[in-house]
Amino acid sequence: MHIRPVPFDHPDAVKLNDEVQAEYDLRYGDGGDMTPLDPAMFAPPGGLYLIAYDERDRPVATGGWRTQDANDEGYKNGDAELKRMFVVAEARGRGLARRILARLEDDARAAGRTRMVLETGTKQPEAIALYTSSGYAPCAKFGLYRDYEDSRCYAKPL
């Protein structure tokens, strides 16, 4: 596997984003994540977007982080927000999400961010297991889904 930084609007990123949105819709029945995202949010040094490619150069996993600071959605100064962590079904169980997560944490730390935060949901138990086993702890809710009962927010000091 090869993990490469790409712009959020790269065709492979768009393809994987469409797949993760379909999975969110399948699990929650709500059409997918409505959080507004712009490719500029993931441009270094204020963010990073990664795609893992398999041995045949097919995009199979993705994840990114974007800068957040204190605002009325509950973020704190120094936050880096994890977005669009996803592994296609046929590539799951190979540790790709954990590898991408580690690279994103390292990059956010190097960019001066002090805390990695993420929002997931109760219908994504494998995501919750990944994050809690990687040192993330529940935190005060933030972001677009902070008032949703199924929403779960986690944070980890960088």
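Author: A search of the whole structure finds 13 salt bridges. Each one needs a side-chain nitrogen of Lys or Arg within 4 Å of a carboxyl oxygen of Asp or Glu. This is a predicted model: local features need pLDDT of at least 70, side-chain atom pairs count only at pLDDT 80 or more, and totals for chains, interfaces and linings use all residues. Residues are numbered from 1 along each chain as its sequence is written, and side-chain values use heavy atoms, with hydrogens and water left out.

Start with Arg84 and Asp33. Their side chains meet in a salt bridge, 2.8 Å from N to O. Arg84 sits in strand β4 and Asp33 in the loop between α1 and β2, so this pair ties together parts 51 residues apart in sequence. Helices (H or I, at least four residues) and strands (E, at least two) are DSSP runs, numbered from the N terminus. Arg84 counts as buried because its relative accessibility is 5%. Asp33 is buried as well, at 15%. The cut-offs are under 20% relative accessible area for buried and over 50% for exposed, with partly exposed in between (1.4 Å probe, protein chains only).

Next comes Lys156, which forms a salt bridge with Glu105; their closest N and O atoms are 3.3 Å apart. This pair, too, links distant parts of the chain: Lys156 is in strand β7, Glu105 is in helix α2, and 51 residues separate them. Lys156 is buried at 18% relative accessibility. Glu105 is buried at 7%.

Helix α2 holds another pair. Arg109 and Asp106 meet in a salt bridge of 2.9 Å, N to O. Both lie in α2, 3 residues apart, about one turn of the helix. Arg109 is partly exposed, with a relative accessible area of 36%. Asp106 is partly exposed too, at 46%.

Some salt bridges form a network. Glu23, Arg27, Arg92 and Glu126 are linked in this way.

Now go back to β7, the strand of Lys156. β7 covers residues 151-157 and is mostly covered, with 5 of its 7 residues buried. Two strands pair if DSSP finds at least two bridges between them. β5 and β7 run antiparallel and are joined by 7 bridges. There, Gly121 has Ser151 of β7 as its bridge partner. Strand β6 (residues 137-138) is also antiparallel to β7, with 2 bridges. Pro138 stands opposite Tyr154 in β7.

What of the nonpolar side? A nonpolar core is a set of buried Ala, Val, Leu, Ile, Met, Phe, Trp, Tyr and Cys residues joined through side-chain atoms within 4.5 Å. The largest one has 37 residues, and Leu82, Met85, Ile100, Leu104, Met116 and Tyr131 touch the most other members. Among the elements giving it two or more residues are α1 (11-28), β4 (79-87), α2 (96-110) and β5 (115-121). The largest share, 6 residues, comes from β2. Apart from this core lies another, of 5 residues, including Tyr75, Val117, Phe142 and Ala155.

Leaving out residues up to four places away in sequence, Ile100 touches Ile3, Leu50, Ala52, Ala61, Thr62, Gly63 and Met85. Contact here means heavy atoms within 4.5 Å. In soluble globular proteins, nonpolar side chains tend to be buried together.
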